[in-house]
Amino acid sequence: MEQQQNYLFHSEHLWVRKIDDHHMLVGISNYAKGQLGDIVFVDFPDIGSEIVQGVPFGVVESMKVVSDLIAPVCGTVIETNEQLQEEIALINEDPQGGGWILRIKLTDPSQLSALLSDEQYAALRDD
């Protein structure tokens, strides 16, 4: 698993990781994966679609529950992790690494300032 210092978190348990100034990976946090249990399905948005900060863009389905994926930032979907369609176990084994969900082109970089550091996210979870 990668070091969490490179991640910013949304309060709805999704993370973003900067690839370059305008491109980010998006996925679910280790904490969310632990709460959900084994994930069996991810519903992806279409490539080219816009995601809006705070608005659901898809769902994850686990053995326990179906949960909305809430966009941590606004952006255009430029890639989905197709490997998850064939190997859903990746999201269970490494949700903050190989189990990423989307690659987006960030619309408004200032939105990153509203996200949480690892320490702030840990305090929010109170675990």
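Two strands count as paired if DSSP finds at least two bridges between them, and strands (E, at least two residues) and helices (H or I, at least four) are DSSP runs numbered from the N terminus. The model behind these views is predicted, so local features need pLDDT of at least 70 and side-chain atom pairs count only at pLDDT 80 or more, while totals for chains, interfaces and linings use all residues. Residues are numbered from 1 along each chain as its sequence is written, and side-chain values use heavy atoms, with hydrogens and water left out.

View 1. Look for Val 60 here: its bridge partner in β7 is Ser 67. β6 also pairs with β4, again antiparallel, through 4 bridges. In that pairing, Phe 41 sits opposite Glu 61 of β6. Most of β6 is covered, with 5 of its 7 residues buried (buried is under 20% relative accessible area, exposed over 50%, partly exposed in between, using a 1.4 Å probe and protein chains only). As a reminder for this view, side chains in a regular strand alternate between the two faces of the sheet.

View 2. Val 40, Phe 41 and Met 63 make a nonpolar surface patch of about 320 Å². Patch residues have over 30% relative accessible area and no salt bridge; nonpolar side chains (Val, Leu, Ile, Met, Phe, Trp, Tyr) are joined within 5 Å and like charges within 9 Å. The areas come from the Shrake-Rupley method with a 1.4 Å probe, and for residues only the protein chains shown count as cover. Val 40 belongs to strand β4 and is partly exposed, at 39% relative accessible area.

**View 3. The main nonpolar core.** The largest nonpolar core holds 26 residues, and those with the most contacts inside it include Ile 28, Phe 57, Leu 69 and Ile 104. A core here is a set of buried Ala, Val, Leu, Ile, Met, Phe, Trp, Tyr and Cys residues joined through side-chain atoms within 4.5 Å. Among the elements that each supply at least two residues of this core are β3 (23-28), α1 (30-36), β6 (56-62) and β9 (102-106). Another core, of 7 residues, lies apart from it, with Phe 9, Trp 100, Leu 116 and Tyr 121 among its members.

**View 4. Around Ile 104.** Leaving out residues up to four places away in sequence, Ile 104 touches, among others, His 23, Val 26, Ile 51, Val 73 and Val 77 (contact means heavy atoms within 4.5 Å).

**View 5. Lys 33 and its partner.** Lys 33 is found in helix α1 and is buried, with a relative accessible area of 13%. Its contacts beyond four places in sequence include Ile 28, Ile 91 and Pro 95. Lys 33 also forms a salt bridge with Asp 38, with the closest N and O atoms 3.7 Å apart (that is, a side-chain nitrogen of Lys or Arg within 4 Å of a carboxyl oxygen of Asp or Glu). Asp 38 counts as partly exposed, at 47% relative accessibility.

**View 6. The other salt bridges.** The structure holds 3 salt bridges. Arg 103 and Glu 79 meet at 2.7 Å, N to O. Arg 103 lies in β9 and Glu 79 in β8 (residues 75-80), so this pair ties together parts that are 24 residues apart in sequence. Lys 18 pairs with Asp 21, the closest N and O atoms being 3.5 Å apart, and Asp 21 is exposed at 54% relative accessibility.
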